[in-house]
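Visitor: I've got a model up on my screen and I'd like a walk around it. Can you take me through it piece by piece?

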Amino acid sequence: MPAISASAPAKIILFGEHAVVYGRPAIAVPVDQVKARAAIQAEPLARQGIIKIEAPEINLASTLEQLPRDHPLRVTIENVLAALKVTSPPAFTLRISSTIPLASGLGSGAAVSVAVIRAVSSFLGKPLDDQRISDLAYQTELIYHGTPSGIDNTVVAFDKPVYFMQGKPIQTFPIQHPFTIIIGDTGVCNSTAEMVGYVRARWQVDPTGFETIFDQIGSITNQGRQAIQHGRINDLGPMLDENQVLLQQLGVSTPALERLINAAHQAGASGAKLSGKGGGGNMIALADPQDAPFISSALYAAGAVRTIITQVH
Ligand code: MEV
């Protein structure tokens, strides 16, 4: 049987993180420069049902059944087998690798799940469509952070810009004019569960204040969608800045993020904000394509450990 491989991109959230957990819309886009990959090799000499997993970047080499029952990879694979009604698959080795920085708001967990689900279902001769892949990846997201909105698995599985609202069918939308985003990584890793939990604790103390902030973020997201759809890219910069002010009010920005955001502005970005869960992780800046390398250098000078220049199209 030939080897099968599948990949999935990273993601950034342009507008609406955190508010999306409370039913407001958010916009996310794939980032194809970095990817998670899953490759499967049949092991015809091994006993039926034996699944070996190798993920050298996290020092993992194990069989499926040796992994703890709640290990995200075990849960992901067992969920695919159950969804496909396969009780005893032919033996195989699954190799996982990823160039997506871990725990930094770029959706690395969702991308690994999507790549694994896609590869395993194809290997078993029952490839799943993007929606089923997204739904299964969501089950794994539940382990990573308890109350995921579902935006990460959706954008990563569909590999398209999405306008997302929890519990609603996915909406894609046309990008009238492509635009350039520079992503800057603070190098500070943290868990989504921690940041989502932090916002929830603050929301419980001041539900009215936080609901108002979520409404304001939702309204910027809708304006952002209109601007993107109608090619009004110049309008997007100030919207990113406004969203960042509201994220500061939620308490998820940090001095390291603000340093990068300020550096991007000073280097000519028309808008910038943190992207994803915050508390560290990544920020994004909007700029003319010719200014992107200069902004990237300014981000490194301000402490970024990595930058990615990507085009939204
Ligand atoms: C994480 O990429 C985005 C958050 O809004 C959490 C979620 O939507 O599940 C912080």
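## A walk through the model

Guide: Let's begin at Asn190, which is in contact with Ala103, Met195, Lys277, Gly278, Gly279 and Gly280, leaving aside its neighbours within four places in sequence. Keep in mind that this is a predicted model.

Visitor: Which backbone oxygen lies 3.0 Å from a polar atom of the Asn190 side chain?

Guide: Start with the place of Asn190, in the loop between β8 (179–185) and α5. Asn190 counts as buried, at 9% relative accessibility. Its side chain has a polar atom 3.0 Å from a backbone oxygen, and that oxygen belongs to Gly278.

Visitor: Now helix α4: is it largely enclosed by the rest of the structure, or exposed?

Guide: Go through residues 151–158: Ile151, Asp152, Asn153, Thr154, Val155, Val156, Ala157 and Phe158 are buried. What covers them includes β1 (4–15), β2 (26–42), α2 (108–123), α3 (130–145) and β6 (162–164). With 8 of the 8 residues buried, α4 is therefore largely enclosed.

Visitor: Which backbone oxygen does the side chain of Arg74 reach?

Guide: Arg74 is found in helix α1 (residues 72–83), and it is buried, with a relative accessible area of 6%. Not counting residues up to four places away in sequence, Arg74 touches Leu64, Glu65, Leu67, Pro68 and Arg69. The backbone oxygen that its side chain reaches, at 2.7 Å, is that of Leu67.

Visitor: Which residues have the most contacts inside the largest nonpolar core?

Guide: In soluble globular proteins, nonpolar side chains tend to be buried together. The largest nonpolar core here has 105 residues. Leu14 touches Phe179, with Ile27, Ala28, Val29, Ile181 and Ile228 also among its contacts beyond four places in sequence. The residues with the most contacts inside that core are Leu14 and Phe179.

Visitor: How many nonpolar residues are in the contact of α5 with α6?

Guide: On the α5 side there are Val199, Arg202, Trp203, Gln204 and Val205, which meet Pro207, Phe210, Glu211 and Phe214 in α6. These residues divide into 1 polar, 2 charged and, for the nonpolar ones, 6.

Visitor: How far apart in space are Ile233 and Ile175, C-alpha to C-alpha?

Guide: The place of Ile233 is in the loop between α6 and α7 (236–250). At 18% relative accessibility, Ile233 counts as buried, because the cut-off is under 20%. Leaving aside neighbours within four places in sequence, Ile233 is in contact with His177, Phe179 and Leu286. Ile233 and Ile175 are 58 residues apart in sequence, and their distance in space is 10.0 Å.

Visitor: Last stop, Val116: what is its relative accessible area?

Guide: Val116 is in helix α2. Not counting residues up to four places away in sequence, Val116 touches Ala38, Leu73, Thr76, Ile77, Leu94 and Ile96. Val116 is buried, and its relative accessible area is 0%.

Definitions and conventions
Residues numbered from 1 in each chain as written. Predicted model: local features only at pLDDT ≥ 70, side-chain atom pairs only at ≥ 80, totals over all residues. Heavy atoms only, no water. Buried < 20%, exposed > 50% of the residue type's maximum accessible area, 1.4 Å probe, protein only. Helix = DSSP H or I, 4+ residues; strand = E, 2+ residues; numbered from the N terminus. Contact = heavy atoms within 4.5 Å. Polar contact = N/O pair within 3.5 Å; in protein donor to acceptor, adjacent residues only side chain to side chain. Core = buried A, V, L, I, M, F, W, Y, C linked by side-chain atoms within 4.5 Å. Nonpolar A, V, L, I, M, F, W, Y, C, P; charged D, E, K, R; others polar.
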